[in-house]
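Let's take a walk through a protein together. Keep the structure open beside the text, and find each spot as we reach it.

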Amino acid sequence: MYELLTKLYPICRSLTGNGNRETLRILRDYIGAFSIHEIASGTKVFDWTVPDEWNCKEAWLSGPNHDLVCDFKQNNLHVVGYSHFINEHMGFGHVHLHTLRDRPNAIPYVTSYYKRDWGFCISYNRLQSLADGIYRVCIDATLEPGYLTYGDVVIRGDSKDEVLLATYICHPSMANDNLSGPVVAAHLAKYLLCLPQRRYTYRFVFVPETIGAIVYLAAHLQHLKSRVVAGYQLTCLGDNRTWSFLPSRKDHTLPDEIADHVMWMTHIHPKVYPWTLRGSDERQWCAPGVDLPVCSVMRSKYGSFPEYHTSDDNLDFVTAEVLEESFNFYKRVIECLEANYGYRATCLGEPFLSKYGLYKSASTDSPDVLMNILTYADGRSLLEIAKELNEPMWKLAPHIATLEQHSLVKRV
Ligand code: ZN
């Protein structure tokens with residue numbers, strides 16, 4: 001995952017453009033199965049319109065002595081996303097510059113998607129070194145009707161019911177927000193493709209944030225509303241400071257409960273955020289009338305870490321180890337979703353376990369666990385039984401399988 005992230009890192013992504021196409025092609029090569037879709041600028045989607053396509057060839061700013069102040073080729077954060085073409089000389093006071101006084105060595109990430117503008121982003125310290133005089137601004141960018149590009153992967157399971165795993169692909173060179181999401185998603189897709197059997201159908205969605213999610217909903221709303229039983233927005237999964245949990249708008253939906261269970265049982269004590277502090281595409285998946293059950297378990301949440309939306313959210317800020325931890329968390333979530341059937345005991349009164357060779361069998365705690373499962377097997381789900389017993393679902397699942405083999409419980 002870290003290697004994939006390193007490969008994707010230098011590419012200039014945005015709402016639209018060739019950087020997004022290249023990103024999706026790399027993800028397609030990594031996963032294997034993958035569909036890339038294009039939707040034309042100007043297309044109406046709910047209350048929005050697909051914007052013009054932006055591609056930046058070069059962007060640089062030079063000072064009075066022709067010294068280079070910043071160059072898009074060195075760091076794509078230097079240009080304001082969606083800047084229009086400009087090639088002019090102008091006084092220092094007229095140059096559109098963005099900087100961060102509080103983080104003086106970092107380049108800020110700035111966009112102007114829906115207001116036609118241009119600009120450069122530089123560190124505060126670089127700004128301090130600049131002298132008055134005539135500057136040359138050059139942004140060789142096109143902003144014209146084209147396409148918005150997105151990708152999805154549907155991995156079929158036994159059931160048509162779906163698990164939605166969504167992430168976004170619209171940020172330029174930043175690692176935690178946002179490349180950690182796509183690389184963990186890609187690896188989860190690869191993992192699911194390798195499983196011999198899946199209960200659920202898994203839908204992975206790679207879209208530019210907000211407008212891409214709205215495009216996706218406009219194309220698939222009725223399907224998603226009728227099929228999605230659980231969903232997760234994958235973002236900010238690469239830094240090692242903390243865990244964060246943003247429950248779904250309705251809260252206590254299946255994905256909330258499963259995430260909560262996995263966190264509790266693996267001793268993850270996240271910072272829990274209220275819905276009012278949402279910020280990623282759960283805003284669209286959970287919007288009124290859409291109402292998909294989607295929550296988000298992250299590491300440091302977007303907006304909460306000082307490196308957020310700056311050049312300091314770089315390849316040193318995320319680690320392979322944390323990406324693996326995040327992957328393992330969601331792998332557990334998937335295992336729990338797959339195992340979460342309802343169960344009902346088939347005999348009246350406690351079964352005579354000795355008759356089935358299950359009393360004092362291999363594991364000494366086995367009879368107690370079996371009896372405890374049986375006493376709650378009144379139609380409850382494995383998740384509900386696990387909560388009653390304060391045991392992880394993945395520890396109970398083999399015992400349930402044993403009881404099923406002896407027809408002592410049945411799925412309901
Ligand atoms: Zn962001």
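Before we look at the metal site, here is the cut-off we need: an N, O or S atom counts as a donor if it is within 2.8 Å of the metal, with 3.2 Å used for Na, K and Ca, and since water is not among the atoms, a site may look incomplete. Keep in mind, too, that this is a predicted model.

Now find the zinc ion. Which residues coordinate the zinc ion? They are His171 through NE2, Asp177 through OD and His309 through NE2, at 2.0 to 2.1 Å. Along the sequence, these donor residues follow the spacing H-x5-D-x131-H. Asp177 sits in helix H4 (residues 175-194), while His309 is in the loop between strand E16 (294-298) and helix H8 (320-339), so this pair ties together parts that are 132 residues apart in sequence.

Stay with Asp177 for a moment. Is Asp177 buried or exposed? Asp177 is buried, with a relative accessible area of 1%. A cis peptide bond, with omega at about 25°, joins Asp177 to Asn178, and Asn178 also belongs to helix H4.

Helix H4 turns up again when we look at the inside of the protein. In soluble globular proteins, nonpolar side chains tend to be buried together. Here the largest nonpolar core has 73 residues, and Phe204, Phe206, Tyr232 and Phe329 have the most contacts inside it. Helix H4 gives the largest share of this core, ten residues. Pick out Phe206 and look around: leaving aside residues up to four places away in sequence, Phe206 touches a list of residues including Leu24, Phe34, Tyr150, Ile169, Pro182 and Ala186. Apart from this core lies another one, of 54 residues, and among them are Val69, Leu130, Leu143 and Ala213.

Next, the rings. A pair of aromatic rings is described by the distance of the centres and the angle of the planes. The model has 14 aromatic pairs, counting rings whose centres lie within 6.5 Å. One of these is Trp48 with Tyr114, an edge-to-face pair at 5.8 Å centre to centre with 70° between the planes. Trp48 lies in strand E3 (residues 48-49) and Tyr114 in the loop between strand E7 (97-98) and strand E8 (120-121), so the pair ties together parts that are 66 residues apart in sequence. Trp48 is partly exposed at 32% relative accessible area, and Tyr114 is partly exposed at 48%. Ring pairs also link Trp48, Trp54, Tyr82, Tyr113 and Tyr114 into a cluster.

Compare that with Phe329 and Tyr330, whose ring centres are 5.1 Å apart and whose planes meet at 85°, so this pair is edge-to-face. Phe329 counts as buried at 4% relative accessibility, and Tyr330 counts as buried at 1%.

Lys301 lies over the face of Tyr273, at 4.9 Å from the ring centre, and Arg411 lies over the face of Tyr341, at 3.7 Å from the ring centre.

Let's finish with two spots in the backbone. His267 has a positive phi, near 60°, in a residue other than glycine. His267 is in the loop between helix H6 (254-265) and strand E15 (271-272), and is exposed, with a relative accessible area of 64%. Asn390 has a positive phi near 50°. Its place is in the loop between helix H10 (382-389) and helix H11 (393-405), and Asn390 is partly exposed at 47% relative accessible area.

Conventions. Residues numbered from 1 in each chain as written. Predicted model: local features only at pLDDT ≥ 70, side-chain atom pairs only at ≥ 80, totals over all residues. Heavy atoms only, no water. Phe/Tyr/Trp six-rings, centres within 6.5 Å; stacked < 30°, edge-to-face > 60°. Helix = DSSP H or I, 4+ residues; strand = E, 2+ residues; numbered from the N terminus. Buried < 20%, exposed > 50% of the residue type's maximum accessible area, 1.4 Å probe, protein only. Lys NZ or Arg CZ within 6 Å of the ring centre and 35° of its normal. Core = buried A, V, L, I, M, F, W, Y, C linked by side-chain atoms within 4.5 Å. Contact = heavy atoms within 4.5 Å.
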